[in-house]
Amino acid sequence: MPSPVSASDSIVTLMDVAVVVERVPVLRGLTLGVTAGESVGVVGANGSGKSTLLRVLATLLAPVRGHGRVLGAELGTDESFAVRPGIALVGHVPSLYPRLTLRENLRFLARLTGRREQAADDALELVGLAPAGDRRAEACSQGMLRRAELARVLLAQPRLLLLDEAHAGLDDGSIGLVEVVIRRVSERGGASVIVSHDQPRLRDLADRMVEIRNGQAVPADEEVPA
Amino acid sequence: MRQVPSATPGPIRQCAELARKDLRLELRAGEALLVTAPFGAVALLLVPLAIGSDAPLLRQVGPGLYWVVVLLFGVLVTLRQSAVEGPAQLAMLRLCGVHPAVRLAGRTLANAVLLVAFELLLTPVAIALYDPDLSGWPWLLPLFPLIAVGLAVLGTLASALAHGLAGRTTLGALLVVPLAAPLVLGATQTLAAARYARQPWAWLFLVLVIDLLIIVATALAARQLEESA
């Protein structure tokens with residue numbers, strides 16, 4: 001198992017990474033680095049490859065070219081299996097089981113990862129869902145599911161947090177939760193990569209912004225090389 | 001929120017947790033035992049209606065028909081919709097550090113429990129309709145779990161292979177049924193041997209060996225199946 005990264009270490013290093021999805025090249029020579037304690041905002045047009053980038057960072061999708069390391073593990077090798085528990089991905093589709101209650105979902109994850117069930121209840125409490133804990137996920141609103149996903153992140157305590165459409169479905173009162181979650185990850189020496197179409201909010205959250213253009217990551221508002 | 005650092009549970013505990021989750025989902029959906037099992041019972045009922053009340057004939061074909069119904073409808077139990085995980089749920093399990101073989105083992109365990117329940121539900125129906133010779137009934141005790149495990153593994157494997165494909169249920173069944181044919185053969189011949197006072201160990205051993213072979217094959221293919229999902 002790769003050794004854990006220290007606070008000064010790199011969390012993500014992607015070098016000239018190319019990714020193909022369903023035979024369509026999505027990322028083409030993308031280079032990106034994320035260091036511990038940092039939160040990086042990612043913007044880009046629809047279909048530019050933002051979600052694909054998150055899947056690569058989650059070690060769920062291997063590059064076809066280039067190389068990268070996430071939490072010290074080389075992408076596309078068996079090393080990546082060992083670091084997965086240190087990564088949390090919140091996609092735009094909820095990952096909760098619809099027929100289980102919110103509490104059952106989180107307790108299931110707690111037991112599966114060797115945590116106490118009380119930690120699941122605490123996480124629900126923290127995102128303000130304790131009163132709705134016995135409601136099935138299928139009966140929850142989009143915003144409640146989003147908050148439950150953030151509770152899942154709090155439970156997992158990841159070193160690398162990947163948020164896709166971070167603010168989608170959240171009302172004004174809940175948007176602060178995203179910041180709370182990101183701050184907790186940073187405080188533990190982790191890092192966050194956040195995708196959002198809500199650029200003003202994203203700029204408030206992120207230490208720096210990158211844009212995915214033509215399959216490459218460039219600093220936001222910068223011209224991409226031809 | 002303060003947390004005690006977690007120690008990842010061992011594969012057996014993870015497997016049990018996954019199976020428990022699957023069984024809870026099935027309990028809420030009622031797909032296997034409230035829909036498929038009655039459907040299987042109806043299939044057993046249709047045969048006497050089709051061939052008439054020829055008691056000796058029904059007694060003779062009863063055990064074989066029982067196992068055929070267990071196979072055909074048991075496949076549907078393993079391919080039930082409530083056991084399908086979406087891409088987001090799969091990603092979550094992968095990021096929880098659950099080894100692909102453990103995930104498939106959890107699904108297999110839940111499938112096997114449901115299949116044993118399915119077999120037990122169909123048994124009194126078959127006895128009532130076909131009045132079979134029950135002299136070899138003790139051999140059912142090892143047969144029930146062995147056939148359930150074999151079908152459960154095959155169903156889990158087929159479900160993983162057909163994941164995300166159109167016509168998943170039909171394709172899955174098409175993959176399982178030919179591979180499960182030796183299981184049905186072993187089950188029927190075990191009972192036939194017992195009925196005619198022959199030693200059925202060889203047939204029982206055949207079922208056990210088939211179970212072990214498909215368990216090993218599924219475990220070896222687990223990582224490849226998950227990474228390509």
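Chain B has a mean pLDDT of 89, and 97% of its residues reach 70 or more. pLDDT is the predictor's confidence in each residue, from 0 to 100. For the complex, the predictor gives an ipTM of 0.88 and a pTM of 0.88. This is a predicted model, in which local features need pLDDT of at least 70 and side-chain atom pairs count only at pLDDT 80 or more, while totals for chains, interfaces and linings use all residues. Residues are numbered from 1 along each chain as its sequence is written, chains are lettered from A in the order in which they are written, and side-chain values use heavy atoms, leaving out hydrogens and water.

Start with the interface. Chain B brings 32 residues to the contact (heavy atoms within 4.5 Å), and chain A brings 37 residues. The two chains bury about 3200 Å² between them. Of this area, 59% lies on carbon and sulfur atoms. Buried area here is the accessible area (1.4 Å probe) lost on putting two parts together, summed over both.

Now the polar side. Eight residue pairs, both at pLDDT 80 or more, are in polar contact between chain B and chain A. A polar contact is a pair of N or O atoms within 3.5 Å; within protein, one must be able to donate a hydrogen and the other to accept it, and residues adjacent in sequence count only if both atoms are side-chain atoms. Four salt bridges cross the interface. Each needs a side-chain nitrogen of Lys or Arg within 4 Å of a carboxyl oxygen of Asp or Glu. B:Arg28 and A:Glu104 form a salt bridge through their side chains, at 2.7 Å, N to O.
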